[in-house]
Amino acid sequence: MLEGLEISEITLQELIRHTVSLRFDSEYFKKEYLAIDKLLSNNKRDRLASITTKIDVGFVGSMTAYYRETGVTLIQTKNIGSFFIDDSDTIKITDSFHKQLRKSQIHKGDILIARSGSFGKAAIYLNDEIINSSDIIIIKADEELINPFYLTAFLNSKCGINQMIRFASGGLQGHVNLTIIEELIVP
């Protein structure tokens, strides 16, 4: 009679521990997510915010007035792949607008995560040129605490991706906010 149904049982204490997301729906407590919680709790672990020096989001809003044929490269959600950036189809913005968007600037070694749409992929920026971003989460690993290549690999792993999917909001067009990203558990 209950065939095909998934049931998870958690304690009130476990429920309270997960209040960062303010989610109490059944989707949030799927067995696969609880299994990842258990796996991560069996290892030394840190919150992402405690092993990074920056977690911020690139410019959010319309930039079309600043698009140009030449200028500073702008990375968008569509350019973020697993591990690497696809720069075959990028947009350029004016140098003056780029200079205004200091918190959106991407530097060598920054880890990038698409904030909405096809999130769940993390790429590391390997070029020396400083570029800019639109609606992308920018993370700088504290290299005294964690290797940025290890962190990128973890974020692209089943444990990293499922944490992002689990904490996402917004239904079909998922959206990850900075508060949630800061709380990701990294072994």
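Which residue of β8 stands opposite Leu74? Asn132 does, and the views below show where this pair sits.

This is a predicted model, in which local features need pLDDT of at least 70 and side-chain atom pairs count only at pLDDT 80 or more, while totals for chains, interfaces and linings use all residues. Residues are numbered from 1 along each chain as its sequence is written, and side-chain values use heavy atoms, with hydrogens and water left out.

**View 1. The whole chain has six helices and 10 strands.** Helices (H or I, at least four residues) and strands (E, at least two) are DSSP runs, numbered from the N terminus. Of the 187 residues in the chain, 43% are buried; buried means under 20% relative accessible area, exposed over 50%, and partly exposed in between (1.4 Å probe, protein chains only). Among contacts with a separation of 6 or more, 72% come from residues 24 or more positions apart, where contact means heavy atoms within 4.5 Å. The chain exposes about 10500 Å², and carbon and sulfur atoms supply 53% of that area. Accessible areas come from the Shrake-Rupley method with a 1.4 Å probe; for residues, only the protein chains shown count as cover.

**View 2. An open sheet of four strands runs in the order β3-β5-β4-β8, with mixed pairing.** Its edge strands, β3 (67-68) and β8 (132-133), each pair on one side only. Two strands pair if DSSP finds at least two bridges between them. Take a moment with β4: this strand pairs with β8 in the parallel sense over two bridges, while three bridges join β4 to β5, and these two run antiparallel. Val72 stands opposite Ile93 in β5, and Ile75 stands opposite Ser133 in β8. In a regular strand the side chains alternate between the two faces of the sheet. Here, Val72 and Leu74 point one way from β4, Thr73 and Ile75 point the other way, and all are buried.

**View 3. Another open sheet has its four strands in the order β2-β9-β6-β7, with antiparallel pairing.** β2 (52-57) and β7 (122-124) stand at the edges with a single partner strand each, so one side of each is left without a neighbour in the sheet. On average, neighbouring strands of this sheet are turned by 20° against each other, direction ignored. Helix α4 (residues 148-155) packs on the sheet and touches β2, β6, β7 and β9 (136-141); its direction makes about 160° with that of β7. For such angles, axes are lines fitted to C-alpha atoms, for helices over the stretch in contact, and values run from 0 to 180 degrees between N-to-C directions. Zoom in on β6 (residues 111-114), and you will find three bridges joining this strand to antiparallel β7. Ile111 has Ile124 as its bridge partner in β7.

**View 4. Phe83, Phe84, Leu126 and Phe149 form a nonpolar patch on the surface.** Together these residues have about 410 Å² of accessible area. Phe83 lies in the loop between β4 (72-75) and β5 (91-93), and Phe83 is partly exposed, with a relative accessible area of 35%. Patches are made of residues with over 30% relative accessible area and no salt bridge: like charges are joined within 9 Å, nonpolar side chains (Val, Leu, Ile, Met, Phe, Trp, Tyr) within 5 Å. A salt bridge is a side-chain nitrogen of Lys or Arg within 4 Å of a carboxyl oxygen of Asp or Glu.
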